[in-house]
Amino acid sequence: MLPIAVLVSGSGSNLQAIVDASRADPDFGAEVAVVISDRPGVRALQRAEAAGIPAAVVAWADHPGREAFTGAVCDTAEHHGARALILAGFMRILAPEAVARFPLRIINTHPALLPAFPGAHAIPQALAHGVKVTGVTIHFVDEEVDHGPIIVQRPVPVLPGDDEPALQARIQAEEHRLYPAVVKAFATGRLTVDGRQVRWEGGPP
Ligand code: GRF
C-alpha cells in the first residue's frame with residue numbers, strides 16, 4: 001500500500017474523490033497518509049478530519065521563502081510516511097528540492113489542456129481567449145511550472161454562456177473521475193515514464 005500526501009489549498013473536492021476511491025476499491029494500492037494545506041481553515045481540512053485522516057497546515061508565513069516552505073512540506077509528508085505527493089488544488093509552487101526528494105513521485109492536476117493556459121488562472125484565461133475546448137491535464141511535476149510529463153488529458157467543451165463557475169464545475173467533474181484512476185495506476189505500478197512519454201500498462205481510463 002503506497003502512503004501518499006495530498007496537498008491542498010481550498011475546497012478539497014479532488015481530495016475527497018481520491019479518499020472515496022481508495023476506500024471503495026480494495027485494489028486501489030494507495031492510502032492518504034496525510035493532508036497538507038498551506039492555508040488554515042479550508043474545507044479540505046474539514047474533509048480530512050471527517051475522514052479521520054491526519055492533517056497539517058504548513059503556512060507560507062511560518063516558512064518564508066520557497067525553499068524553506070518546500071522543505072517544511074516535504075518534511076511533513078515524510079514524517080507521516082508519505083512516499084508520493086499528490087497536488088490537488090495546491091496553489092503554491094514548490095522549489096526544485098521537492099522534485100529532488102520525490103523524483104517522479106509528485107503528481108498535479110491542471111484545469112486546462114497543457115501547454116495551453118499554465119498558471120493559476122487557467123479557467124478565466126480559457127474563457128477570455130474564446131477557446132471552444134479546454135480540459136484537464138494530470139501530469140508529473142518537474143522543476144518547471146505546469147510542465148512535467150503528461151499522464152492523461154481529457155477535453156472539456158466550453159459551452160455558449162459559460163461563466164467561470166459553470167466551466168469549473170464541468171472540468172472538476174472530469175477531474176474527479178480521472179484523478180483517482182491516475183493515483184491508482186501510479187500506486188499499482190502501471191505508469192512508466194520515458195522522458196516526456198508516459199505509458200499506461202493496460203491503457204488510460
Ligand atoms: C482543481 O480544479 C484543480 O485543477 C485546480 O484547483 C482545483 C481544486 O479543486 N488546480 P479542489 O480543491 O480539489 O476542490
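Here's a quick briefing on the ligand and the pocket around it. Keep in mind that this is a predicted model. The ligand sits in the largest pocket, and a shell made up of S11, G12, S13, N14, G89, T109, P111, Q172 and E175 surrounds the ligand.

**Around the ligand**
- Sort the shell residues by type and you get 7 polar, 1 charged and 1 nonpolar.
- Two helices, α1 (13-24) and α6 (164-187), each bring at least two residues to this shell.

- In the side chain of S11, an N or O atom is 2.4 Å from an oxygen atom of the ligand.
- The side chain of E175 also has an N or O atom 2.4 Å from an oxygen atom of the ligand.
- For Q172, a polar side-chain atom lies 2.9 Å from a ligand oxygen atom.
- On its own, the ligand has 370 Å² of accessible area, and the protein covers 88% of that.

**The pocket itself**
- The largest pocket holds about 1,000 Å³ of space.
- Its lining runs to 43 residues, and the ones nearest the centre are G89, F90, M91, T109 and A120.
- By type, the lining splits into 19 nonpolar, 15 polar and 9 charged residues.

**Who builds the lining**
- At least two lining residues come from each of α1, α4 (96-101), β5 (106-110), α5 (122-129) and α6.
- The top contributor is α6, which gives 6 residues to the lining of the largest pocket.

Conventions. Residues are numbered from 1 along each chain as its sequence is written. This is a predicted model: local features need pLDDT of at least 70, side-chain atom pairs count only at pLDDT 80 or more; totals for chains, interfaces and linings use all residues. Side-chain values use heavy atoms; hydrogens and water are left out. A residue is near a molecule or strand if one of its heavy atoms lies within 4 Å of it. A polar contact is a pair of N or O atoms within 3.5 Å; within protein, one must be able to donate a hydrogen and the other to accept it, and residues adjacent in sequence count only if both atoms are side-chain atoms. Accessible areas come from the Shrake-Rupley method with a 1.4 Å probe; for residues, only the protein chains shown count as cover. On a 1 Å grid over the protein atoms alone, a cavity is a set of points where a 1.4 Å probe fits but cannot get out, and a pocket is an open set with protein on both sides within 12 Å along at least five of seven lines; lining residues have an atom within 4 Å of a point. A molecule sits in a cavity or pocket if more than half of its atoms lie within 2 Å of its grid points. Helices (H or I, at least four residues) and strands (E, at least two) are DSSP runs, numbered from the N terminus. Ala, Val, Leu, Ile, Met, Phe, Trp, Tyr, Cys and Pro count as nonpolar, Asp, Glu, Lys and Arg as charged, and the others, Gly among them, as polar. Grid points are joined across faces, edges and corners, and a volume is the space filled by probe spheres set on the points.
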